[in-house]
Amino acid sequence: MSEVTDPKALLEHLYWTAVRRALPSKSLAAHLPAPPKGRTVVLGAGKAAGAMAYAFEAAWPANAPVSGLVVTRYGHTPPRPAGLAQRIDIIEAAHPVPDEASLDAAERIHELAEGLTEDDLVVCLISGGGSALLTLPVEGLTLADKQRINKELLESGADIREMNCVRKHLSRIKGGHLAAVCWPARVVTLAISDVPGDEVSVVASGPTVPDSSTCSDALEILAKYAIAVPEEVRAALEEGTLETPKPSDERFQCNAVHMIATPHESLKAAAQEARRLGIETRMLSDEIEGESRDVGKVHAALARYAQRSNVGRSGPLLLLSGGETTVTVQPQPAGAVRGRGGRAGEFCMGLAHALQGAPGIWALAADTDGIDGVEDNAGAFVTPDTLVRGAMAGVKVSDHLERNDSYGYFSALGDLFVTGPTHTNVNDFRAILIF
């Protein structure tokens, strides 16, 4: 292979290779059903919903009527392709904590799903982020309640299955409720997976698929993380009146689900590109979960071992992994400045701290949607001199770990990875280049 002269540029190239593999324009058309006898209604939610709507409009027959509405995150609607006629409305709302626009979007989508017949077809375009973007609280729960509960879940260290179990049971549209409203129309779900194991019931809290979790599960999770809900809602959970539709429900029997992009496929694309460039590559897993900083420590150990094992080889070694880690926000003294950053940056701090300046190891961790947490960066780079440059800039990684401030740390080094919205979302991308 040709010598790697710019490790950061190579890592960035591999990131974009993974992202391009997950773009809706590359894969959605192959999964479209035939136009129905009756109406076609397109509904959707997620960070990729705008791009998915464009891909649908481009691929759906021009002579087949279609209407609908999707909701995506603020700033995540891509420019409309030249000459592409608009047939689906796109609106924007807040993520990761819902706002009034999220509530409005859910109400409008719920209304569009009502009154359909067995001759009609509903195509649902679902991607990560849909849980916050599609908010329709159960009776007794206000939007302010939902915002608080969502924020507390995000900061608790709960994994995505736990968070979405609670969300499903506090919603009138998640956990299969949307598909139940569409019945007897046939529902075809086209999903982009952002969850370990590609469980479609977890992506955006599964608005169009049955749910096997229970009210009791939701109560256990709320208790585990000490998250309060209004007494009326707690009583409804205890009585089981907020139960979600289950897999045996006849309203789902004629529906279909297609995963049009997954984390595994994107990591595989990056691995293939690296190998094409002559770099030995190992895919660790696309389902890695756990506390971000701890996952970073484990990756550091793997990198060190791989480096020792790589002695005598002619070129570098690349380790790739994906999944969805979590960040437990550490309590801070009253009046302390709140840290900024997301799970990719937290992983990078844990990795850099554990590597302690080991020579010859470079890394990039970033979210494939282009947003790490709620900041404007996708992630960050780690280099052999990260800690040295941090010391020169007057910042210590251990201090920033204590307050979950990866954004502040890597900003001081000039090592934030900023991409802007990518218009897809297959979760974490992590690449470690070892010389």
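The sections below take the sheet, then the spaces, then the cysteines.

This is a predicted model: local features need pLDDT of at least 70, side-chain atom pairs count only at pLDDT 80 or more, and totals for chains, interfaces and linings use all residues. Residues are numbered from 1 along each chain as its sequence is written, and side-chain values use heavy atoms, with hydrogens and water left out.

Six strands form an open sheet with parallel pairing, in the order 3-2-1-4-5-6. On average, neighbouring strands are turned by 20° against each other, direction ignored. That angle is taken between axes, lines fitted to C-alpha atoms, and angles run from 0 to 180 degrees between N-to-C directions. Helices (H or I, at least four residues) and strands (E, at least two) are DSSP runs, numbered from the N terminus. Two strands pair if DSSP finds at least two bridges between them.

Strand 5 spans residues 186–192. Strand 4 (residues 121–126) runs parallel to strand 5, joined by 6 bridges. Another links L125 to L190. Strand 5 also pairs with strand 6 (residues 256–261), in the parallel sense, over 5 bridges. Here T189 has V257 of strand 6 as its bridge partner. How many residues of strand 5 are buried? The count is 6 of 7. Buried means under 20% relative accessible area, exposed over 50%, and partly exposed in between (1.4 Å probe, protein chains only).

**Pocket and cavities**

Rolling a probe the size of a water molecule over the atoms shows where empty space is left. On a 1 Å grid over the protein atoms alone, a cavity is a set of points where a 1.4 Å probe fits but cannot get out; a pocket is an open set with protein on both sides within 12 Å along at least five of seven lines; lining residues have an atom within 4 Å of a point. Grid points are joined across faces, edges and corners, and a volume is the space filled by probe spheres set on the points.

The structure holds 4 cavities of 30 Å³ or more. The table gives the volumes.

| Space | Volume |
|---|---|
| Largest pocket | about 990 Å³ |
| Largest cavity | about 70 Å³ |

The largest pocket has 50 lining residues, with P96, L154, G341, G373 and V374 nearest its centre. Helix 5 (130–133), helix 6 (143–156), helix 7 (160–169) and helix 13 (343–355) each give this lining at least two residues. The pocket lining has 18 nonpolar, 18 polar and 14 charged residues. Ala, Val, Leu, Ile, Met, Phe, Trp, Tyr, Cys and Pro count as nonpolar, Asp, Glu, Lys and Arg as charged, and the others, Gly among them, as polar.

Helix 5, helix 6 and helix 7 each supply at least two residues of the largest cavity's lining. Helix 6 gives the largest share, 4 residues. Lining residues of this cavity include P98, S131, K146 and R167.

**Cysteines**

How many disulfides does a search of the whole structure find? It finds 0. A disulfide is a pair of cysteine sulfur atoms within 2.5 Å. The closest cysteine sulfur to that of C254 is in C182, 14 Å away, too far for a bond. C254 is exposed, at 60% relative accessibility. C348 is buried, at 0%.
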